[in-house]
Amino acid sequence: CIVVAAIEIWPVQHRINPDGLSYLDIATEASSGHLAELANLYWSPAYPAVIGIGLSLLHPSPAFEVPLVQFVNFLIVILALWAFSLFYRSWSKLNPDLEAASSTAKGLFTLFAFASFLRTATSSMGVYLTTPDMLVATVIFLVAAMGCRISRPGAGWKHFAGLGVLLGSGMYVKAALFPLCLAFIALLLISLWRTSDIPRRKQLAYLGASTLICAAVAAPLI
């Protein structure tokens with residue numbers, strides 16, 4: 001997956017789409033010390049903040065600013081791949097049929113899973129597009145992984161607190177994650193009611209804490 005992502009990005013390292021220009025402008029201002037530029041009414045702050053860190057560390061000339069953005073995209077793809085791996089492992093532990101399958105069957109299914117990730121990353125999102133979509137996928141995979149962990153025995157306050165932090169952080173990546181956060185909490189509650197050994201009153205307390213932590217993390221966006 002990493003090799004294919006590199007092959008996809010290398011020929012277009014000097015290409016940037018119109019949205020990417022806006023993100024690069026905001027990142028340039030932020031890297032120059034004007035952090036207030038990240039608080040934008042239209043563009044979400046996380047992606048230009050990540051680009052701004054790259055600009056601050058490497059100080060590229062104008063000719064190499066776009067290749068730097070593409071390099072940041074490549075690192076985000078690796079991060080998304082790690083998040084998907086974490087989700088896949090967590091999800092696998094919830095499926096006894098997969099756990100009990102032969103090593104050959106597991107290997108083929110794992111190959112299919114990562115091929116699906118690669119197909120989505122290269123076709124639906126585009127690893128070289130200068131947008132936060134790959135970062136959004138990273139957050140969603142991490143949230144899904146935490147949801148799987150919460151669905152297994154031994155889940156406690158730290159897991160629900162981590163879920164709240166992840167959900168709140170996702171809103172800095174893209175505003176569209178705000179309604180998805182509420183939907184995820186509702187779906188997780190339904191799932192826990194059906195499958196978890198945690199008493200329902202405690203489930204409500206846990207998910208209430210997740211919601212409050214999510215709101216606290218995202219509150220500065222207001």
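What follows is a set of questions and answers about a predicted model of one protein chain.

Reader: Let's start with the big picture: how many helices and how many strands does the chain have?


Author: Going along from the N terminus, the elements read α-α-α-α-α-α-α-α-α-α. The C-alpha trace spans about 55 × 45 × 25 Å along its principal axes. The count for the secondary structure comes to ten helices and zero strands.

Reader: What percentage of the residues in the chain are buried?

Author: The chain has 222 residues. Of the contacts with a separation of 6 or more, 70% are between residues 24 or more positions apart. As for buried residues, their share of the chain is 42%.

Reader: Which residues have the most contacts inside the largest nonpolar core?

Author: That core has 58 residues. Its largest share, eleven residues, comes from H4. In soluble globular proteins, nonpolar side chains tend to be buried together. Inside this core, the residues with the most contacts are Ile-51 and Met-134.

Reader: Say I click on Ile-51; which residues is it in contact with, leaving aside neighbours within four places in sequence?

Author: Ile-51 belongs to the buried set of H3, along with Ala-46, Tyr-47, Pro-48, Gly-52, Gly-54 and Leu-55. What covers the buried residues of H3 includes H2, H4, H7 and H8. With those sequence neighbours left aside, the contacts of Ile-51 are Tyr-23, Leu-24, Ala-27, Val-69 and Val-72.

Reader: How far apart are the end C-alpha atoms of H3?

Author: H3 covers residues 46-58, which makes 13 residues. At 1.5 Å a residue, H3 should span 18 Å. The model agrees with that, since the end C-alpha atoms of H3 are apart by 19 Å.

Reader: Moving on to H4 and H6, at what angle do they pack?

Author: The two helices have their axes 11 Å apart, and H4 passes H6 in a right-handed crossing. On the H4 side, the residues that meet H6 include Phe-84, Tyr-88 and Trp-91, while H6 brings Phe-109, Phe-114 and Phe-117 among others. The packing angle is about 140°.

Reader: How many charged residues does the contact of H4 with H6 have?

Author: Lys-106 in H6 is among the residues that meet H4. By class, the contact divides into ten nonpolar and two polar residues, and the charged ones number one.

Reader: Is Thr-138 buried or exposed?

Author: Thr-138 is found in H7. Leaving aside neighbours within four places in sequence, Thr-138 is in contact with Ile-76, Leu-79, Ala-80 and Ala-83. Its relative accessibility is 3%, and the cut-off for this label is under 20%. Thr-138 therefore counts as buried.

Reader: Why does Phe-160 count as buried?

Author: Phe-160 lies in H8. Not counting residues up to four places away in sequence, Phe-160 touches Ile-150, Ala-155, Leu-192, Tyr-206, Leu-207 and Ser-210. Phe-160 counts as buried because its relative accessibility is 0%.

Reader: How far apart in space are Phe-160 and Glu-8?

Author: In sequence, Phe-160 and Glu-8 are 152 residues apart. In space, C-alpha to C-alpha, they are apart by 37 Å.

Reader: Which helices do the buried residues of H8 pack against?

Author: H8 has 17 residues and reaches 25 Å from its first C-alpha to its last, close to the 24 Å expected. Its buried residues include His-159, Phe-160, Leu-163, Leu-167 and Met-171, as well as Gly-164 and Gly-168. They pack against H3, H7, H9 and H10.

Reader: Last one: how many charged residues are in the contact of H8 with H10?

Author: The axes of H8 and H10 come within 7 Å and cross at roughly 35°, and the crossing is right-handed. Trp-157, Phe-160 and Leu-167 are among the H8 residues that meet H10, where Tyr-206, Ile-213 and Cys-214 are among those they meet. The contact has 16 nonpolar and four polar residues, and as for charged ones, there are no charged residues.

How values were computed:
Residues are numbered from 1 along each chain as its sequence is written. This is a predicted model: local features need pLDDT of at least 70, side-chain atom pairs count only at pLDDT 80 or more; totals for chains, interfaces and linings use all residues. Side-chain values use heavy atoms; hydrogens and water are left out. Helices (H or I, at least four residues) and strands (E, at least two) are DSSP runs, numbered from the N terminus. The expected span of a helix is 1.5 Å times one less than its number of residues. Buried means under 20% relative accessible area, exposed over 50%, partly exposed in between (1.4 Å probe, protein chains only). Contact means heavy atoms within 4.5 Å. A nonpolar core is a set of buried Ala, Val, Leu, Ile, Met, Phe, Trp, Tyr and Cys residues joined through side-chain atoms within 4.5 Å. Axes are lines fitted to C-alpha atoms, for helices over the stretch in contact, and angles run from 0 to 180 degrees between N-to-C directions. A crossing is left-handed if the near helix is turned anticlockwise from the far one by less than a right angle, and right-handed if clockwise. Ala, Val, Leu, Ile, Met, Phe, Trp, Tyr, Cys and Pro count as nonpolar, Asp, Glu, Lys and Arg as charged, and the others, Gly among them, as polar.
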